[in-house]
Amino acid sequence: MNKTKRPEDSFTIMNELVLPNDTNTLNNLMGGRLLHWMDIAAAISAQKHCNRIVVTASVDNVSFKQPIKLGDVITIEAKVTRSFNTSVEVRLDVWAQNIPSGTKVKSNEAYYTFVAVDQSGRTIPVPELKPETPEELELFAGALRRRQLRLVLAGKMQPDDAVELKALFAKS
């Protein structure tokens with residue numbers, strides 16, 4: 001089996017400058033452009049973990065907390081939070097920085113899921129992930145609930161089988 005890896009092994013930082021071609025008529029970054037950049041950063045992170053080709057399997061809800069403006073520098077940080085049999089979950093944090101004003105704000109966060117494939121496009125096992133810090137342990141634990149929610153919403157798991165997810169709503 002593949003060797004165990006740490007979340008920091010997959011850590012990826014990607015920077016982009018918001019140019020006129022990236023914006024809408026209000027000079028705000030188009031959401032689709034940001035999702036494209038996030039997909040690239042997340043794929044790089046997943047590939048670092050898997051040492052394989054990966055394909056996007058799902059993108060969780062992405063909320064835009066505030067507009068990103070023309071001329072802002074976007075920093076996308078991505079890191080694998082958990083691996084399953086053939087897939088990995090990647091957490092992304094997006095920051096928008098206006099260099100002239102010296103402001104930097106968190107604009108987005110999301111989780112992307114990738115599946116590792118061989119040259120023929122068949123799924124293959126991925127390395128185990130060993131979280132080390134308290135934050136990594138928390139993200140690791142939450143990944144199982146997020147995965148179950150994705151599977152339920154996609155119709156690939158019955159709600160009654162989502163044990164960890166149901167535990168969130170159980171009365172003590």
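Which helix and strands each supply at least two residues of the lining of the largest pocket? Hello everyone, let's start there. Strands β2 (53-59), β4 (87-98) and β5 (103-117) do, and so does helix α2 (134-153). Helices here are DSSP runs of H or I with at least four residues, strands are runs of E with at least two, and both are numbered from the N terminus.

A quick note on what you are looking at. This is a predicted model, where local features need pLDDT of at least 70 and side-chain atom pairs count only at pLDDT 80 or more, while totals for chains, interfaces and linings use all residues. Residues are numbered from 1 along each chain as its sequence is written, and side-chain values use heavy atoms, with hydrogens and water left out.

Back to the pocket. On a 1 Å grid over the protein atoms alone, a pocket is an open set of points with protein on both sides within 12 Å along at least five of seven lines, and a lining residue has an atom within 4 Å of a point. The largest pocket has a volume of about 430 Å³. Of its 19 lining residues, Ala 57, Ser 58, Thr 113, Arg 150 and Leu 151 are the closest to the centre. Helix α2 gives the most to this lining, with six residues. By class, the lining holds nine nonpolar, four polar and six charged residues. For those classes, Ala, Val, Leu, Ile, Met, Phe, Trp, Tyr, Cys and Pro count as nonpolar, Asp, Glu, Lys and Arg as charged, and the others, Gly among them, as polar.

There is also a cavity, meaning a set of grid points where a 1.4 Å probe fits but cannot get out. The structure holds one cavity of 30 Å³ or more. Volumes here are the space filled by probe spheres set on the points, which are joined across faces, edges and corners. The largest cavity is lined by residues including Pro 7, Val 80, Leu 129 and Phe 140. Strand β3 (73-83) and helix α2 each supply at least two residues of that lining.

Now for the charges. Side chains of opposite charge can pair when their charged atoms come close. We call it a salt bridge when a side-chain nitrogen of Lys or Arg is within 4 Å of a carboxyl oxygen of Asp or Glu. How many does a search of the whole structure find? It finds 13 salt bridges.

Take Glu 89 and Arg 146, whose side chains meet at 2.8 Å, N to O. Glu 89 lies in strand β4 and Arg 146 in helix α2, so this pair ties together parts that are 57 residues apart in sequence. Is Glu 89 buried or exposed? Glu 89 is buried, with a relative accessible area of 1%; buried means under 20%, exposed over 50%, and partly exposed in between, with a 1.4 Å probe and protein chains only. Arg 146, at 18%, counts as buried too.

Next, Arg 91 and Glu 109 meet in a salt bridge at 3.4 Å, N to O. Arg 91 lies in strand β4 and Glu 109 in strand β5, so the pair ties together parts that are 18 residues apart in sequence. Asp 93 forms a salt bridge with Lys 106, the closest N and O atoms being 2.8 Å apart. Here too a residue in strand β4, Asp 93, is paired with one in strand β5, Lys 106, so parts 13 residues apart in sequence are tied together. Through shared partners, salt bridges join Lys 65, Arg 91, Asp 93, Lys 106 and Glu 109 into one network.
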